[in-house]
Amino acid sequence: MTAGEPREGGLPGERELRELAAKQAALGEIRGTPAADPVNAPMIRHWLDAMGDENPVYLDEGLAPPAMAQVWTMPGVRRRAGDPSPVDDVLAALDAGGYTGVVATNCRQTYHRYARVGERLTPATRFTSLAGPKRTALGEGYFATWDVTWYAETGEAVAEMMFRVLKFRPPRNQEQPQTVEPYPLRPAVSPDTAFFWEGVRRGELRVQSCGDCGELRHPPGPMCPRCRSGNRSYAVASGEGVVHSYVVHHHPPVPGLRPPFAVALVELPEGVRIVGGVVDCPPGDVTVGMPVRVTFRRMDDELTLPLWKPKERR
Amino acid sequence: MTTAGEPARDEAEVGAELPALSIDLTPTVVISTALATMDFTPVHHDPALARAQGSKDVFLNILTTMGLVERYVTDWAGPGAVIRGIDVRLGVPAYAGDRLTFAGAVAARDAGEITVEVRGRVSLGDHATGTVTLSLPRRGEEGR
């Protein structure tokens with residue numbers, strides 16, 4: 001197992017990362033969920049308008065702009081990440097190994113033909129390679145590469161994409177104008193919980209779900225308590241919640257926090273409960289049943305925490 | 001399906017430059033393109049959250065970068081062009097409030113296929129550099 005914190009000396013988790021990458025690559029191409037909608041004129045018109053693209057050929061001939069390939073199978077706002085992707089586990093393991101920074105470096109799309117209005121595309125993802133560790137301008141990191149192919153209902157490949165990201169270890173002593181004191185309380189990030197913290201970095205509240213029966217659970221665990229499946233996925237919660245219970249902490253002192261402060265057990269409409277601090281509200285005003293909303297607060301240069309604030313305020 | 005009056009790109013020589021295209025990256029451009037590409041990642045529409053994560057402002061998403069590169073080349077090549085591929089190396093972020101300026105030139109011609117080199121720059125440097133491959137089918141040919 002990869003340790004939650006980067007190990008001292010050497011190359012943290014290098015062997016584990018290589019083995020995982022080889023395993024994920026060996027899975028081959030994994031099919032995703034078909035697009036929610038077939039290729040359609042309203043979405044094409046909207047895209048052309050936003051891009052400022054006045055090429056008449058698409059709407060005249062019922063063709064999708066080829067660069068829209070990925071658009072058709074984007075997951076939407078309240079995505080259910082039901083699609084098992086061979087890439088997710090590799091990115092989560094890199095996070096757990098301390099390579100928490102991410103930047104996309106390459107996107108290469110090949111269009112076999114233009115998708116036509118009425119066609120429903122299905123994506124399929126193949127993890128291809130993990131290269132590293134390498135020294136880069138951003139810090140030490142790994143290049144992760146995967147391929148996505150979009151198929152028509154006939155099984156014909158319409159478009160392909162090679163996508164590469166650099167997952168890097170943010171330098172610790174980097175001179176930054178916004179440098180703040182490191183927040184003393186660090187979450188223990190493990191391969192089991194890396195998806196949650198990756199979500200926090202993106203401003204998403206992720207709840208683990210069973211990859212088979214879809215049951216949600218929190219905190220994350222290795223096995224579904226309902227159907228005992230070990231396949232894991234996650235859903236993105238709406239971010240709304242209600243205080244189910246809470247405590248106001250006065251004593252003893254906690255590093256980085258000034259008492260009194262409130263910690264709540266928040267019940268999500270999705271059906272799970274999550275523990276978190278309540279902010280933007282005097283602790284004495286917290287009540288059971290109070291509607292709250294998640295807020296992502298930057299604690300220091302590396303850490304963002306999901307906290308809760310009264311729902312009425314923004 | 002090139003018709004009379006369209007830009008005649010058939011004769012474009014290697015080295016021929018494309019006219020520049022400069023796009024004012026207003027928040028409206030960044031956000032409307034993020035939504036049109038179905039990318040709801042908050043850093044592309046929520047300035048407070050983008051700043052909390054260390055970004056200067058909201059910034060263009062990659063699907064939009066690909067779309068703008070495609071538009072830049074078809075603006076020049078005309079509606080008869082068939083885009084075969086886009087290969088982009090991604091650089092610095094394109095933040096709201098900045099300006100994205102494309103330059104390009106014909107890099108190769110081979111059996112009806114044209115490769116155009118494209119560079120999209122913002123104030124911080126190169127946002128996207130790469131190539132677009134296209135063909136220009138003759139009248140009556142089915143290209144797409």
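The structure is a predicted model, in which local features need pLDDT of at least 70, side-chain atom pairs count only at pLDDT 80 or more, and totals for chains, interfaces and linings use all residues. Residues are numbered from 1 along each chain as its sequence is written, while chains are lettered from A and ligands numbered from 1 in the order in which they are written.

**Confidence in chain A**

The predictor's confidence in each residue is given as pLDDT, from 0 to 100. Chain A has a mean pLDDT of 88, with 91% of its residues at 70 or more. Helices (H or I, at least four residues) and strands (E, at least two) are DSSP runs, numbered from the N terminus. The table shows the elements of chain A with the lowest and the highest confidence.

| Element of chain A | Residues | Mean pLDDT |
|---|---|---|
| Strand 2 (lowest) | 80–81 | 56 |
| Helix 2 (highest) | 41–51 | 98 |

In chain A, the pLDDT is below 50 over residues 1–12 and also over residues 174–178. Where pLDDT is low, the predicted coordinates should not be read in detail.

**Architecture of chain B**

Chain B contains three helices and five strands, arranged along the sequence as β-α-α-α-β-β-β-β. Of the 144 residues in chain B, 41% are buried, that is, they have 20 or more other C-beta atoms within 10 Å of their own, with C-beta atoms placed from the backbone.

**Where the chains meet**

Two residues are in contact if their C-beta atoms, placed from the backbone, lie within 7 Å. In these terms, 31 residues of chain B touch 35 residues of chain A. Helix 1 (27–36), helix 2 (47–52), helix 3 (62–77) and strand 2 (82–90) of chain B each supply at least two residues of the side that touches chain A. Strand 2 of chain B also runs antiparallel to strand 3 (residues 101–111) of chain A, and five bridges join the two. Opposite V88(B), in strand 2 of chain B, stands C107(A).

**Two helices of chain A**

Two packed helices are described by the angle between their axes and the distance between the axes. The axes of helix 4 (residues 88–96) and helix 5 (residues 194–201) of chain A come within 9 Å and cross at roughly 85 degrees. Helix 4 and helix 5 of chain A are therefore roughly perpendicular to each other, a term for angles of 65 to 115 degrees. Among the residues making this contact are L91(A) of helix 4 and W197(A) of helix 5.

Key: A residue is buried if 20 or more other C-beta atoms lie within 10 Å of its own, exposed if 12 or fewer, and partly exposed in between; C-beta atoms are placed from the backbone. Two strands pair if DSSP finds at least two bridges between them. Axes are lines fitted to C-alpha atoms, for helices over the stretch in contact, and angles run from 0 to 180 degrees between N-to-C directions. Angles under 35 degrees count as roughly parallel, over 145 as roughly antiparallel, 65 to 115 as roughly perpendicular and the rest as oblique.
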